[in-house]
Amino acid sequence: MNDAAPSAASVPPRGRGSDTDGPPDGATGGARVLNSAPDSASDRASDGGYDGAADRSPDSLRPGVITLAATPIGNAADASARLRAALGGAGLIAAEDTRRLRALAQRLGVEITGRVVSLHEHNERQRAGELIEAARAGQGVLVVSDAGMPSVSDPGYRLVRAAVEAGVEVSVAPGPSAVLSALALSGLASDRFCFEGFLPRRAGERRRAITALSAEERTMVLFESPRRVHETVTMMAQILGQDRPAALCRELTKTHEEVRRATLGELARSTEAGVLGEVVLVVAGARPEAADPREAARAALALADQGLRLKDAAGRAAREAGLRPNEVYREALALRQE
């Protein structure tokens, strides 16, 4: 996202990171990693996390592999052991903002000894080739965004595509996710959902995008700027319905974390005075339209006219419509008698 970044006075504002051609000041060769790896392969096997591959520690970057690592979305304590180890052990780190990366490393007590370069939306196409060549040369390449998982509404997608096309392996070190955190907290159905990223900034394009989602039955998760959230929620209430359940999640994992669970109409009114902080919207999907038993019965009769037994035809039509076979069968019999 530009998911929320770890909150701290020492973290500089978001912006385009500057490249650094060598190790940070005062760094010497060799990584200093402040967490310990699992004691042995048998320990990992007993935990159910060891796949039997020789010398493949889950806490270290593998040579020749590009690894995408998730960073905290607000609380630095959420940084995984794998992220800490990767930051300390990577020979090359590509960061959305190099200043924010160094601030995060400082908060985590990790010394970065590898080379750090920037990877943002303005240079990703050009930088991808350099990172791929580094992996081909045997380096372990780490990719991080300001917060959350690279490539999810953040730089990284073009790099992954280019690496796949070049035959370079890409791996992942999972971690904090604003999308999943908001979905879990929303109280809305989570068995089926879709992620829509950021809606268009222009009002007309945004209206068309929301209209296209009006029949979406899955729970929808979206990112939105606090400056536009009132306009977006108001437009959603107009198009999707005032009574559509939703949740506005802001400042997730931070001190002022807040989740507003309400209808779209209520959220439109509650955001009129403005909203502060990083925002994730979760909106319930549309209720599926109830199938018409008579239409299904007509479909069953059409199948029966082609030689299928009416009972079998009713069963097939019922499955396609999501209805009970007996209901469709009775309706088909009634239609035959009309």
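**Close-up views of a predicted model**

View 1. L159 is buried, with a relative accessible area of 0% (buried means under 20% relative accessible area, exposed over 50% and partly exposed in between, using a 1.4 Å probe and protein chains only). This is a predicted model, in which local features need pLDDT of at least 70, side-chain atom pairs count only at pLDDT 80 or more, and totals for chains, interfaces and linings use all residues. Residues are numbered from 1 along each chain as its sequence is written, and side-chain values use heavy atoms, with hydrogens and water left out. You will find L159 in helix α5, residues 157-166 (helices, H or I of at least four residues, and strands, E of at least two, are DSSP runs numbered from the N terminus). Setting aside neighbours within four places in sequence, L159 is in contact with I66, L119, E124, A128, L131, I132 and V143 (contact means heavy atoms within 4.5 Å). R125 lies 34 residues from L159 in sequence, yet their C-alpha atoms are 7.2 Å apart in space.

**View 2. N123 in its loop.** Look for N123 in the loop between β3 (115-118) and α4 (124-136). N123 counts as buried, at 13% relative accessibility. Its side chain makes a polar contact of 3.2 Å with the side chain of S118 (a pair of N or O atoms within 3.5 Å; within protein, one must be able to donate a hydrogen and the other to accept it, and residues adjacent in sequence count only if both atoms are side-chain atoms).

**View 3. Cysteines C194 and C249.** C194 counts as buried at 8% relative accessibility, and C249 counts as buried at 0%. The count of disulfides comes to 0, where a disulfide is a pair of cysteine sulfur atoms within 2.5 Å.
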